[in-house]
Each structure stands twice: as C-alpha cells, then as structure tokens.
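Good morning, and thank you for coming.

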Amino acid sequence: MTNQNVVVSEAMASSTVANPTPPFPYPSEKGRASGFGVRRKCMPQLELCENAGRINVWIESMKALSPTQEKGSASPAAAPSVPEQSSWITRRPSALSMFEEITKASMGKQIVMFLDYDGTLSPIVDDPDCAFMSDAMRDAVRDLARHFPTAIVSGRCRDKVYSFVRLTELYYAGSHGMDIKVPANGSHLRKANGKAVLFQPASKFLPMIEKVYKALLERTKSTPGARVENNKFCVSVHFRCVDEKRWSGLADQVKSVLREYPRLRLSPGRKVLEIRPIIKWDKGKAMEFLLESLGFANCNDVFPVYIGDDRTDEDAFKVLRNRGQGFGILVSKIPKETKASYSLQEPSEVMDFLQRLVEWKMLTCRRW
Ligand SMILES: [Mg+2]
C-alpha cells in the first residue's frame, strides 16, 4: 500500500474526493443478490427463521457490547460474576497497573497513539450529538500530542469528531477510518511535503450512503427514540433511547432497508447498528495507513498504542497482535472477547493513563 497518490492540497481537501476509485475488490454483488432471490423463492420459511435469527444475534451482540448497568437496565446477563470478572482482569490486566511493564516495552521506540472517541475519550450518552469530552480530557490529549504523534480514529463523520475534539495538531480518521486527514503542518509528517493528506477509499459509495440514510430515516421514524446518524461514508442507527422491547422491531426495519443494498454491510456495536460499504478497509487499515504516512511503514522502532471500546476497534487490536508491535487497550467495565492486551474501565481511566504517559515521557527526557 502506498499513499503517494492521495496527497492533495489543503484547499482541495474539503471539496475534492482524493481517491475516487476504491482500490479494493467488492464481493460479488451478483452472487449475493441472486443467492438471496433463490432462497426467497424456494424456502420462505427457512429465510424467515434465518432473518429472525440474525436479528436476534445483532440484538444479543449489542447487549453484550453495552454496559447495560446504565439506566437501570433489567438485563441480568450484563452483570458478570466475581470469578468471571477477576478471570478477565487476569487475562486483560489494567493498563494502569501494568504501566511500568508497558513503558519498559516501549523503550527506544517511538510511541504513536491512536484513540477512539465515543466511550474512550467521552462517555456514551443518550444523544450522540452531546457526546462532549471534558476540558480535562482535552488538556490530556493536547499534552499527549505534544509528546507523541496522536490520531483520533472514530466511526463518526470526521468533521463531527473534530468538532468535539477541537485540536488541530491531531490526525483524524472518521467513518471507521474511511475518511483520513493528516494535518498539513504535522511535524511528524515525513512524506507529504507540507500538504494535507486526504484518503477516502469509499468515496464511490457517497451517493449510496446518502440514499440509505434517507431511507433509514423514513423507515425508522415510527420507532420512538430511534436515531439515524449520517457519518458520511457510513450510517449509524442508534438504539440508546429506544425501549429494549422495540429493539427487535427497529433491527427489522433496518434490515428491510439494507436488503436493497447488498454492497453495504451491517454490524452491531454498543447500542448501535453500523452500516458500512463492503470494502477491505477498517480501523486497523486506517492505523496502518497513518503509520505509513508518519514514515513508520517498515520500522521496528515504532510502538503503536490503540485505545478503544467497541467491536470496530478490534480490527486495530488484531493488526497490532499480527505486527507484534505495541499493544491494544480495550475500554470496558465488563469482560469481553478481545484482541487487546490490556484494559481500562472507563474514559476517566483513559485520561489517567494518558497523563501518566506524558509524565513518564517528561521524566525520561529529563533523565537522558
Ligand atoms: Mg467507541
């Protein structure tokens, strides 16, 4: 992978699609569509069962991924037993309690920080438009970026996440990494000759995403509390304010819209269903792209740290495991299946960790 052909000027960046042809193959749309048709014709009952089964899987996944202690949820499955909790903490120890080991492993290497936004830097709130980060957290991230290259990697629209973070010195990857912008004056940028780097591998999908967003707005408006968010290259359907008894109906509405868009895929997150183009691109690829932009494509002396709370962050955790570089930190209060090496319970612990990292770096610099 190279990013040479995606360097655009700052002026162009806001209005020009940098890479109009996605370089990644789509799955066979024809095959998918025809397979669907055949099954519908021959086995309507089977499809009905599969349909209901899949919706149940999504709903169970959303519940499992969500800290359902919030808002007095009655789901007993949410509260792990004490042995479960301690076994998970043994396998995924706190990044705070393992701080010395972590920094020791990074010695002599360049730490590069990747941070998810919702549930990592800001709490999960009912209204996604109000997921503000605290001033203290903003200060912590600003300090962090003074010492380490720092990127925000979010499922949100890039402009939206920037409006929350408001720090020009960071690198931003929105829409689950499908909309990446590297700052023009990034002091760590080694390849872009002072120009902004914009990479949008799903740009061909923009008209389709706009259409599906409008269709979802229309189809879900009968469900109280349902919220559809246009994230430019992907769409989120939020379940946060929907009564759990209506989740199945809402998921069915979403699925009925998606049936007409076989080139889009749907995945569950924390009280959200995410709709994305089917391309071979995710937060893990975005992290690798950013590392390459920073000049660390084939370096052994880089130490990437990725902190995130959701299933989409697992793609980045997996990349780190495969590279054998750095580590992932999952933000979660409850045990979850994860490729991350360590855990933090909530955004306040993330802030503690970032502050300790800055303090450690300052001490280390002074010592040497
Ligand atoms: Mg998140």
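Let me begin with a definition: two strands pair if DSSP finds at least two bridges between them. Helices (H or I, at least four residues) and strands (E, at least two) are themselves DSSP runs, numbered from the N terminus. What we have here is a predicted model, in which local features need pLDDT of at least 70, side-chain atom pairs count only at pLDDT 80 or more, and totals for chains, interfaces and linings use all residues. Residues are numbered from 1 along each chain as its sequence is written.

First, the overall picture. The protein chain has twelve helices and twelve strands. Of its 368 residues, 40% are buried. A residue is called buried if 20 or more other C-beta atoms lie within 10 Å of its own, exposed if 12 or fewer, and partly exposed in between, with C-beta atoms placed from the backbone. Two residues are in contact if their C-beta atoms, placed in that way, lie within 7 Å. Among contacts between residues at least 6 apart in sequence, 64% join residues at least 24 apart.

Now to the sheets. Strands of a sheet pair through backbone hydrogen bonds, either parallel or antiparallel.

How do β4 and β5 pair, in the parallel or the antiparallel sense? Strand β4 (residues 179-182) pairs with β5 in the antiparallel sense, over three bridges. Here Ile180 has Phe199 in β5 as its bridge partner. By contrast, strand β10 (residues 302-308) runs parallel to β11, and four bridges join them. Tyr306 has Gly328 in β11 as its bridge partner.

Five of its five residues are buried. In a regular strand the side chains alternate between the two faces of the sheet. In β11 both faces are covered, with Phe327, Ile329 and Val331 buried on one side and Gly328 and Leu330 buried on the other.

A second open sheet has four strands in the order β6-β7-β9-β8, with antiparallel pairing. Its edge strands are β6 (227-230) and β8 (264-269), each of which pairs on one side only. Neighbouring strands of this sheet are turned against each other by 20 degrees on average, direction ignored. Six bridges join β8 to strand β9 (residues 272-277), and Arg265 has Arg276 in β9 as its bridge partner.

Which helix lies across this sheet's strands? Helix α8 lies across β6, β7 (235-238), β8 and β9, running at about 15 degrees to β7.

We turn to helix packing. Helix α8 (residues 206-220) packs against helix α9 (residues 247-258) at an angle of about 145 degrees, with the axes 10 Å apart. In their contact, Val212, Ala215, Leu216, Arg219 and Thr220 of α8 meet Leu250, Gln253, Val254, Ser256 and Val257 of α9. These residues divide into six nonpolar, three polar and one charged. In this scheme Ala, Val, Leu, Ile, Met, Phe, Trp, Tyr, Cys and Pro count as nonpolar, Asp, Glu, Lys and Arg as charged, and the others, Gly among them, as polar.

Another pair is helix α10 (residues 283-293) and helix α11 (residues 314-323), whose axes come within 6 Å and cross at roughly 55 degrees. That angle makes α10 oblique to α11; angles under 35 degrees count as roughly parallel, over 145 as roughly antiparallel, 65 to 115 as roughly perpendicular and the rest as oblique. The residues of this contact divide into three nonpolar, one polar and four charged.

Finally, two individual residues. Arg166 has a phi near 55 degrees, a positive value in a residue other than glycine, and Ser175 has a positive phi near 50 degrees. Is each of them buried or exposed? Arg166 is exposed because 10 other C-beta atoms lie within 10 Å, whereas Ser175 is buried, with 28. Ser175 lies in the loop between β3 and β4.

Note on methods: Axes are lines fitted to C-alpha atoms, for helices over the stretch in contact, and angles run from 0 to 180 degrees between N-to-C directions.
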